[in-house]
Amino acid sequence: MKKIEAVVPQKTVSSIRAELAKAFKADVERSKGYPAMTFADVDGKGLGHTHPLVWGGQEFTIDIFPKTKLEIIILAADMEKVIGAIIEGVRACNLDNKHQGKIFVFDIEEAIRVRDGKRGEEVIK
């Protein structure tokens with residue numbers, strides 16, 4: 001099992017969901033057929049990305065920006081499909097090349113469903 005963690009611009013989430021639906025041939029509204037996901041609004045600082053702002057006669061440098069963090073636990077066999085869908089979803093939004101986010105991949109040792117105590121890949125299928 002793998003955990004895909006992506007930090008992307010907020011405005012790309014619906015496009016990413018649509019690409020995942022295509023990849024897993026699912027209905028976006030029902031989110032059935034493609035992996036369950038967790039979304040969280042986060043603030044982040046990228047490398048070299050700043051924005052000058054003048055307020056009250058003083059200049060400030062803004063270097064923290066709103067992002068969305070996606071967390072998806074998947075079968076290892078689906079890893080490239082999910083990564084490709086995230087990349088295509090972000091690219092479809094035609095953003096500045098410097099501000100498209102990052103994707104991280106982690107190994108998952110175990111998954112346990114709290115409701116019934118089941119373990120392993122069965123709980124993410």
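Predicted model: local features only at pLDDT ≥ 70, side-chain atom pairs only at ≥ 80, totals over all residues.

Student: Which residues of H1 are buried?
Tutor: They are Val13, Ser15, Ile16, Glu19, Leu20, Ala21 and Phe24.

Student: And what do those buried residues pack against?
Tutor: The buried residues of H1 pack against E1, strand E2 (37-44), E5 and H2.

Student: What follows H1?
Tutor: Lysine 25 follows H1, and the phi of lysine 25 is positive, near 50 degrees.

Student: On to H2, then. How far apart are its end C-alpha atoms?
Tutor: They are 18 Å apart. Helix H2 has 13 residues, 79-91, and at 1.5 Å a residue these should span 18 Å, so the two values agree.

Student: Which residues of H2 are buried?
Tutor: Met79, Val82, Ile83, Ala85, Ile86, Gly89 and Val90 are buried in H2. They cover an arc of only 160 degrees around the axis, which puts them on the same side of H2.

Student: Why would residues spaced like that point the same way?
Tutor: An α-helix has 3.6 residues a turn, so residues three or four places apart point the same way.

Student: What about the face turned away from the buried side of H2?
Tutor: That face carries the exposed residues Glu80 and Arg91.

Student: Which elements do the buried residues of H2 pack against?
Tutor: They pack against strand E1 (2-8), helix H1 (13-24), strand E5 (65-74) and strand E6 (102-107).

Student: How many residues does the largest nonpolar core have?
Tutor: The largest nonpolar core has 19 residues. Those with the most contacts inside this core are Ile4, Ile16, Leu20, Ile72, Val82 and Ile86. E1, H1, E5 and H2 each supply at least two residues of the core. H2 gives the most, with 6 residues.

Student: New topic: glutamate 5. Is it buried or exposed?
Tutor: Glutamate 5 is found in strand E1. Glutamate 5 counts as buried because its relative accessibility is 12%, and the cut-off for buried is under 20%.

Student: Which side chain does glutamate 5 join in a polar contact?
Tutor: The side chain of glutamate 5 is joined to that of lysine 3 by a polar contact of 3.2 Å. Lysine 3 is also found in strand E1. At 19% relative accessibility, lysine 3 counts as buried.

Student: What else do those two touch?
Tutor: Neighbours within four places in sequence are left aside here. Glutamate 5 is in contact with Lys69, Leu70, Glu71, Lys102, Ile103, Phe104 and Phe106. Lysine 3 is in contact with Glu71, Ile72, Ile73, Phe104, Val105, Phe106 and Ile108.

Student: How far is glutamate 5 from lysine 67?
Tutor: Their C-alpha atoms are separated by 13 Å, and the two residues are 62 residues apart along the chain.

Student: Where is leucine 53, and what does it touch?
Tutor: Leucine 53 is in strand E3. Not counting residues up to four places away in sequence, leucine 53 touches Gln58, Glu59, Phe60 and Ile62. At 39% relative accessibility, leucine 53 counts as partly exposed.

Student: Last one: what are the confidence scores like?
Tutor: The chain averages a pLDDT of 87, and 91% of the residues score at least 70.

Note on methods
Residues numbered from 1 in each chain as written. Heavy atoms only, no water. Helix = DSSP H or I, 4+ residues; strand = E, 2+ residues; numbered from the N terminus. Expected span 1.5 Å × (residues − 1). Buried < 20%, exposed > 50% of the residue type's maximum accessible area, 1.4 Å probe, protein only. Arc of directions from axis to C-beta. Contact = heavy atoms within 4.5 Å. Polar contact = N/O pair within 3.5 Å; in protein donor to acceptor, adjacent residues only side chain to side chain. Core = buried A, V, L, I, M, F, W, Y, C linked by side-chain atoms within 4.5 Å. pLDDT = per-residue confidence, 0-100.
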